Amino acid sequence: MSNGSANYTEELVMALVTTQLTIMSFPFFNAQIVPFSSNFENLFGADAKIPGSAKIAPFYMQFKRPNRSKPTGNISKDRVALGLHCTTGSLNFRLREKASSKVSGKVPVHKLQHNVLYRMRARLLKRGIGDAAYVCSLFLSSKEYVAHTHLHALLRLPGYWFKGPYSYRDVVIHGTTPPPFRDIPWLEGHVSIPPHDTVASASHSYSFDPSGGEVCFHSPRLLDGERRTLPAWIANLARSIQFDRAPAIGRSDELLAELRDIVGLRAEPRGDLDREGLAEQPERDLDYMTEWMAFGDQLEEHFGISQFAFIQEP
């Protein structure tokens, strides 16, 4: 596929990345990466495994699929004007107003998907406990995308035979510093781009070269000439989290309320939490787990934003 859009959905990107992050970190060490929404709750049993005394540091990803930039299109022209090396062969993704057509009506500027992601990022960085970014694959063909992820996983599997790739709070790989996240299966092959500013409309795009470098925002603004990979973003996030500033999940009502206020979504606690086998946990802790899951569901439904968290158990 030399031109056009990727022949798979954003849900495939979400599924591959989420599955990898969760399986490789959960539940072997005292620092986990956990998806916080009901879509993965039953599969991984997150609510049954996380004690209320564990620290929570949330982070957020908006998954995207790429488009091939047309040689005569505006994106290629912008890149040529900026003197970028990759012009006609670049990839891009467009901003969207909202998550899906289920959310009807004109979207106010502050409710644009991009602006919500930007505000969440700004607040989490200020707290020193999280981040938010777009995550886009670098493949147009679903067969090539899945084949790459599986091959990369198989090549790295022998090194993880007796020990998973995540350990301790800084997510250090095999005792090396800085952690080589490029060795984690399935994380390579994705570009990670934090929202850099607010927008007045969704009529914008991010473009990048086939390796995830030379990121440009259109209307044209060169953001970074370096390669911006998902492993690099997660590695930086893992190193920068200040767990001493992160709340215990059983006492995280202030943080959750703050994030809800930023996004503009009212609390809608789920009523279907299966409490079987969880009687030993305090009711307060269970309520917050339910609310975090409900917030993750709302983010996905209204904005297409996926909620994750680094969890450090005491």
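Predicted model: local features only at pLDDT ≥ 70, side-chain atom pairs only at ≥ 80, totals over all residues.
Which residue just after α4 takes a positive phi? G83 does, with a phi of about 75°.

Residues are numbered from 1 along each chain as its sequence is written, and side-chain values use heavy atoms, with hydrogens and water left out.

Start with the whole chain. It has 9 helices and 11 strands. Both are DSSP runs, numbered from the N terminus: helices are H or I with at least four residues, strands are E with at least two. Of the 314 residues, 55% count as buried. Buried means under 20% relative accessible area, exposed means over 50%, and partly exposed lies in between (1.4 Å probe, protein chains only). The chain exposes about 14000 Å². Carbon and sulfur atoms supply 53% of that area. Accessible areas come from the Shrake-Rupley method with a 1.4 Å probe, and for residues only the protein chains shown count as cover. Now take contacts, meaning heavy atoms within 4.5 Å. Among contacts between residues at least 6 apart in sequence, 76% join residues at least 24 apart.

Next, the sheet. Strands of a sheet pair through backbone hydrogen bonds, either parallel or antiparallel. Here, two strands pair if DSSP finds at least two bridges between them.

β5 and β8 pair in the antiparallel sense over 4 bridges. Here R94 has S205 in β8 as its bridge partner. Then 3 bridges join β8 (residues 205–208) to β9, again antiparallel. S207 is bridged to C216 in β9. β8 and β9 form a hairpin with 6 residues between them. In its turn, G212 has a positive phi of about 95°. β9 is also joined to β10 (residues 221–224) by 3 bridges, and these two strands run antiparallel. F217 stands opposite R221 in β10. This hairpin has 2 residues between its strands.

Which residues of β9 are buried on each side? V215 and F217 are buried on one side, C216 and H218 on the other.

Now look at the rings. The structure holds 11 aromatic pairs. Rings of Phe, Tyr and Trp (its six-membered ring) pair if their centres lie within 6.5 Å; planes under 30 degrees apart count as stacked, over 60 as edge-to-face and the rest as tilted. The rings of F93 and Y206 have their centres 5.6 Å apart and their planes at 40°, so the pair is tilted. F93 lies in β5 and Y206 in β8, so the pair ties together parts 113 residues apart in sequence. F93 and Y206 are buried. Y206 also pairs with Y134: the centres are 5.8 Å apart and the planes at 55°, so this pair is tilted. It links Y134 in β6 (residues 132–137) to Y206 in β8, 72 residues apart.

Finish at strand β11 (residues 306–312), where S306 lies. Of its 7 residues, 7 are buried. S306, F308, F310 and Q312 are on one side, with Q307, A309 and I311 on the other. S306 counts as buried because its relative accessibility is 3%. S306 touches M14, F59, Y60, M61, F63 and E300, not counting residues up to four places away in sequence. β3 (residues 55–64) and β11 pair in the antiparallel sense over 7 bridges. F59 stands opposite F308 in β11. Ring pairs also link F59, F63, W233, F308 and F310 into a cluster.
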